[in-house]
2 protein chains.
Amino acid sequence: MRILVTGGAGFIGSHLCDRLLERGEELWCVDNLRLGRRRNIAHLEMSPKFHFVELDLLDQPALKSLFVTAGFDAVFHMAANSDIAAGTTNFRLDLELNQLTTVEVLEMMKAHGVKRLFFASTSAIFGETDAMLHEDFAPLEPISFYGASKLAAEAYISVFAHTFGGRAVVLRFPNVVGERATHGVIYDFLRKLDADQGKLEVLGDGNQSKPYLYVRDLVDAVLVAWDKANAPFAVYHAAGLGHTSVREIAEIVVAAAGRPDTRIIFTGGDRGWPGDVPRFRYDTTRLQALGWRPQHHSTDAVRYAIDRILANGF
Amino acid sequence: MRILVTGGAGFIGSHLCDRLLERGEELWCVDNLRLGRRRNIAHLEMSPKFHFVELDLLDQPALKSLFVTAGFDAVFHMAANSDIAAGTTNFRLDLELNQLTTVEVLEMMKAHGVKRLFFASTSAIFGETDAMLHEDFAPLEPISFYGASKLAAEAYISVFAHTFGGRAVVLRFPNVVGERATHGVIYDFLRKLDADQGKLEVLGDGNQSKPYLYVRDLVDAVLVAWDKANAPFAVYHAAGLGHTSVREIAEIVVAAAGRPDTRIIFTGGDRGWPGDVPRFRYDTTRLQALGWRPQHHSTDAVRYAIDRILANGF
C-alpha cells in the first residue's frame, strides 16, 4: 500500500513509520517539523520505500499536489499539537493543528478517492470523570482545547465514514512514553534536571496517576486496530496496565539519571495545569478482544521509556 | 441584563428576541443577514432596549469592538448555518458558520469576562440510531457536517465552562417549525407549490418521521433551561410530542395551501439527502423535570406553523 503518514517525523509517527516500513508498505512521511524532528526518521531515509516531505497540512496547494502525485491508498493522520499544556490558553493552536489539519486531510481524501484513514485520538475527549471509560461512554465534556479539538476531528471523521463511503479507524491514545518524545512528563523532568541539578519541580501534588503506555505497545495497538477493525467508523481505546503517579515518575527519573540526591518539590494542587485530567480509568477490552495486549505494565513502561530516552538523547 | 443574541434576525433567534424583550432585557441583536432577515425583527426596532447590529461573527475586529462598547452580561449564540442539506458537500460552510463563530464568541467572552452562554445545539450530533436519545447517549457519530460542527462547538463550550469559569446552557434542538423559517421542509414545499401548481416533489420516500416542535414552544424550552440550569455545563433536549412523517407534512401543506389536487411525488430512498437522519427518538425528561412542556403535538405544531407561515408570508 501507498501510505501517507502525517506527523511522521514526530514521536509516535516516527515509530509508526518504523513498523509500516517493516511490513513492506511504501510511505510518504509528511511533517512540518514544528514538533517532529528529522533525526527521528534519519534511519529510514535510505529506504527506497520511504519518502520524507516537509509540508504543512494547512498549506492546501502543497497538500493537493502531494495527493495528486502520490496516489495514496491510505492515510495515518498522526499530525497534531500533542502538547496539551501548550494549548491551554490559546484558542487556535489545537483547533488548527488537530482539527483543521484533519478537515484538510478528509477533504483531500474525498477529492482523490482515498478511502482508508487511521486517526490518532485521545482519552482527553472525555474530560474529567471517575467512570470507567469505554468507547461509548458519555457525556463527553473535554476540559482542554486539545481534547475538544480531537473530539471535533472525530466528529468530522464520522461524517466521512458514514456519508462519503470512507473507512476510518480511531484509536484514542492514553499517555504514551518512549524515546523520541518531544514533550511530556519524562521529557520535562529530564530537562529540568539538566537545568538545575539540585531540585526537581513537579507541577501539581504528584498524585496525578495515569495508565502510561510504551510507544511500541501503542504502535502494536494501532496496527491491530487497523488490521481488524470491522466497521466503517471503528473506535478503540488502548492503555498501559495499571497506573503510575507523577510522584513515582519523578522518583524514577532522578534515580535513572544518577541524581538520587535531587530534592523533588511539588507546586501543589490536584493537577499540573488547567485542562490536565489528573486521573482516568480506561476500558480497553474492545481492542483486547481483537488480540492486542500491552507488553509493559504502566510503571515498567515509564522505567523502560526513561532508559531509552537517556540512551537515545532528548 | 445586557444580552447579545447572535443570529437574532434569523428564524429562531428573532422569536427569542421577542421573548427576551418581553422579559425586560436589553438586547444587541447581531446578524450578518445571510439567512436572517431584517423584517423578522422590524417590529422590535422601535424599542429603546433593542439594538440591531449587522455584523459577521467571523469579523474579529468588529466583534471585539461590540464587546468593548456593549458590556454584555450574557450571550445567546443562535447564529448558524441552519440549512443542513446546504452543508452536505461543503466542508467549510458548517465549520465556519457553526463552529468557528462559536470559537470567536467564546474567545471574546473570555477576554471580556462574560460568563453566561446559551448555545443552540442539535439532535444531529448523534447521527443515525434507533436508540432513545437522552442527553448522555453515546456513541456520537454525526452523519452531516451540520451535526459534526455543532458537536465540535459543544466540545469547545465544555472547555469554556469547565476551565474558564463560564456557565453554559446547551439545548439540543429537534426539527423546529413556525413563521419566519428561512428553509426547511414546510418552507420548501410552499416554494415548490408556488413554482409548479400541478405537483409537489418530495425528497425521499416520505416516511422520514420526526418530532417537530413549534418555535414558540422551543423558545419556552430555551428560557426554562436558561433559568433553571444547575450545572456549569448543562445540556438539555427538547422535542415535540409524537412524530410527523414528511408524507403527512406534504398532505397538510397542499390542503392548507388550497391546492388539494396537487400530485405528491416521492423521489424515493429512506432520506431526503445524504446526511439526513430519517427518524429519531428524543428523550426530553431532563427538561420536563425543570417544568417545560410543549404546547403542541408534533403534527399540530406542523399544522399551526403552516397556518402562521401562510398568514405571515415566506
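The contact between the chains takes 27 residues from chain A and 27 residues from chain B, where two residues are in contact if their C-beta atoms, placed from the backbone, lie within 7 Å. This is a predicted model, in which local features need pLDDT of at least 70 and side-chain atom pairs count only at pLDDT 80 or more, while totals for chains, interfaces and linings use all residues. Residues are numbered from 1 along each chain as its sequence is written, and chains are lettered from A and ligands numbered from 1 in the order in which they are written.

**Where the chains touch**

- On the side of chain A that touches chain B, the elements giving two or more residues are α3 (93-111), α4 and β12 (233-237) of chain A. Helices (H or I, at least four residues) and strands (E, at least two) are DSSP runs, numbered from the N terminus.
- α4(A) gives the most to this side of chain A, with 10 residues.
- That side of chain A divides into 18 nonpolar, six polar and three charged residues. Here Ala, Val, Leu, Ile, Met, Phe, Trp, Tyr, Cys and Pro count as nonpolar, Asp, Glu, Lys and Arg as charged, and the others, Gly among them, as polar.

**How the copies are related**

**Chain A as a whole**

- Chain A has nine helices and 15 strands.
- Its radius of gyration is 19 Å, close to the 20 Å that the globule rule gives for 314 residues, so chain A is as compact as a globular protein of that length. The radius is taken over C-alpha atoms, and the rule is 2.2 Å times the number of residues to the power 0.38.
- Taken along the principal axes, the C-alpha atoms of chain A fill a box of roughly 60 × 45 × 40 Å.
- Of the 314 residues of chain A, 54% count as buried. A residue is buried if 20 or more other C-beta atoms lie within 10 Å of its own, exposed if 12 or fewer, and partly exposed in between, with C-beta atoms placed from the backbone.
- Look at contacts in chain A between residues at least 6 apart in sequence, and 80% of them join residues at least 24 apart.

**Inside the core**

- In soluble globular proteins, nonpolar side chains tend to be buried together.
- In this model, the largest nonpolar core has 212 residues, and those with the most contacts inside it are Val5(A), Ile186(A), Val5(B) and Ile186(B). Such a core is a set of buried Ala, Val, Leu, Ile, Met, Phe, Trp, Tyr and Cys residues joined through C-beta atoms within 7 Å.
- Leaving out residues up to four places away in sequence, Ile186(B) touches partners including Val177(B), Ile249(B) and Ile309(B).

- 19 of the 19 residues of α4(B) are buried.
- The end C-alpha atoms of α4(B) are 27 Å apart, which agrees with the 27 Å that its 19 residues should span at 1.5 Å a residue. The expected span is 1.5 Å times one less than the number of residues.
- Just after α4(B) comes Gly165(B), with a positive phi of about 75 degrees.
- Ala168(B) sits in strand β7 (residues 167-173) of chain B, and is buried, with 26 other C-beta atoms within 10 Å.
- Although Ala168(B) and Ala234(B) are 66 residues apart along the chain, their C-alpha atoms are separated by 6.3 Å.

**Backbone details in the loops**

- A cis peptide bond joins Ala138(A) and Pro139(A), with omega about 5 degrees. Pro139(A) lies in the loop between β6 (132-133) and α4 (145-163) of chain A.
- Arg180(A) isn't a glycine, yet its phi is positive, near 80 degrees. Arg180(A) is buried, with 23 other C-beta atoms within 10 Å.
- Leu33(B), also not a glycine, has a positive phi of about 60 degrees. Leu33(B) lies in the loop between β2 and β3 of chain B, and counts as partly exposed, with 14 C-beta neighbours inside 10 Å.
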